[in-house]
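Please read them alongside the sequence and the coordinates.

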Amino acid sequence: MTETISTLAQERQEHGAAIEGGQRTAVTVLGFGMMGAALATAFVSHGHPTTVWNRSAGKTDGLVARGARLARTVAEAVAASELIVVCVSTYEVVRELLDPLGDALADRTLVNLTTGTPQQARELAAWAAERRVDNLDGAIMAIPSGIDQPDTILLYSGHAATFQSHRSMLELLGGGTTYLGADAGLATLYDMALLSTMYALYGGFLHALALVGTAAVDGATFVPYADRILKEVVSISWRPGRRDGRSRSRTPSKRRSARPKPTRPRLRHRRDRSPPDPPVRSACASERSPPSSPEDRPIARSLRSS
Ligand SMILES: NC(=O)c1ccc[n+]([C@@H]2O[C@H](COP(=O)([O-])OP(=O)(O)OC[C@H]3O[C@@H](n4cnc5c(N)ncnc54)[C@H](OP(=O)(O)O)[C@@H]3O)[C@@H](O)[C@H]2O)c1
């Protein structure tokens, strides 16, 4: 088994080198909803022979007119390419589609970009390993219009060699393509963590807008203040070197001193629409040592710099 995996990995690396040399790679995209369509469109736009399959007919017509090949069945779609990308509504659907295929996926690469839980991702990885399928699990940190854009983050976990072999193809989907590690559940775990951050921030921000709205303060006036607080949230609540990142060692009085300094954005004349002064860095930000693993990962760097 080890030998098979290393042979496959070597073939994949050679394949990756061929892509670098300008050769085209056949790819199949299963699922042509909003996201699947964006993924398939990116591959077609970059000139790769792309086979598409979707449960409902008709959605793929536009891309087929641009050169994609339509497969009538999942089995036909899988047979068309060594690299299979699946993006459907749930993991249950992924399994519904792939379970009946038997060995048809053996020695192929399955990149799952369907949203789910870490446990579902790990179960799919185990399912794939039993069938000699190279598996990567991914999470798309964008909406469909973000696909094929330089700053778009897509996170992957699973076999490192598989990621490396298909890296050039995967990077077509977003310039922020990042490999997180061998645990197949990592990408969905980051997805859940990032989405929970995002939804909490959305909720807090919309609530704040509603609050200031009660005094007829418009968003443009309020946003610079919120922007400053949002930037401070991470630097106040995250400390390197702690497993959970939280700064529990600080006493309440130290916590108070780490709050944004009381140089609040000055209230300006109504006609002065320029944003307030840039945020003052918090005390803890200046104490940080250089980042180390896992904080040194590209996702962490990219999120901190954004
Ligand atoms: N849209 C986003 O902004 C976004 C961002 C990040 C991640 N994602 C993830 O990407 C995945 C797809 O999202 P989407 O926006 O493309 O959703 P969508 O537009 O609702 O498309 C869902 C896809 O799943 C297929 N499907 C659903 N049930 C099926 C079944 N029983 N058998 C076969 N196919 C089935 C649909 O086929 P039909 O066309 O036949 O219905 C369609 O291709 C989701 O897991 C989502 O969380 C989406």
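1. Which residue in strand 4 is the bridge partner of Val 27? The bridge partner is Leu 83, and in that strand Val 29 has Val 85 as its partner. Strand 1 and strand 4 (residues 83-86) pair in the parallel sense over four bridges, where two strands pair if DSSP finds at least two bridges between them.

2. Some conventions apply throughout. Residues are numbered from 1 along each chain as its sequence is written. This is a predicted model, in which local features need pLDDT of at least 70 and side-chain atom pairs count only at pLDDT 80 or more, whereas totals for chains, interfaces and linings use all residues. Helices (H or I, at least four residues) and strands (E, at least two) are DSSP runs, numbered from the N terminus.

3. Strand 1 also runs parallel to strand 2 (residues 50-53), to which four bridges join it, and Val 29 stands opposite Val 52 there. The chain passes from strand 1 through helix 2 to strand 2 in a right-handed β-α-β crossover, that is, with the strands pointing away from the viewer, the path from the first strand over the helix to the second runs clockwise.

4. Both faces of strand 1 (residues 27-30) are covered, with Val 27 and Val 29 buried on one side and Thr 28 and Leu 30 buried on the other; a residue is buried if 20 or more other C-beta atoms, placed from the backbone, lie within 10 Å of its own.

5. The open sheet has eight strands in the order 3-2-1-4-5-6-7-8, with mixed pairing. Strand 3 (69-70) and strand 8 (174-181) stand at the edges with a single partner strand each, so one side of each is left without a neighbour in the sheet.

Technical notes. Buried ≥ 20, exposed ≤ 12 C-beta atoms within 10 Å, placed from the backbone.
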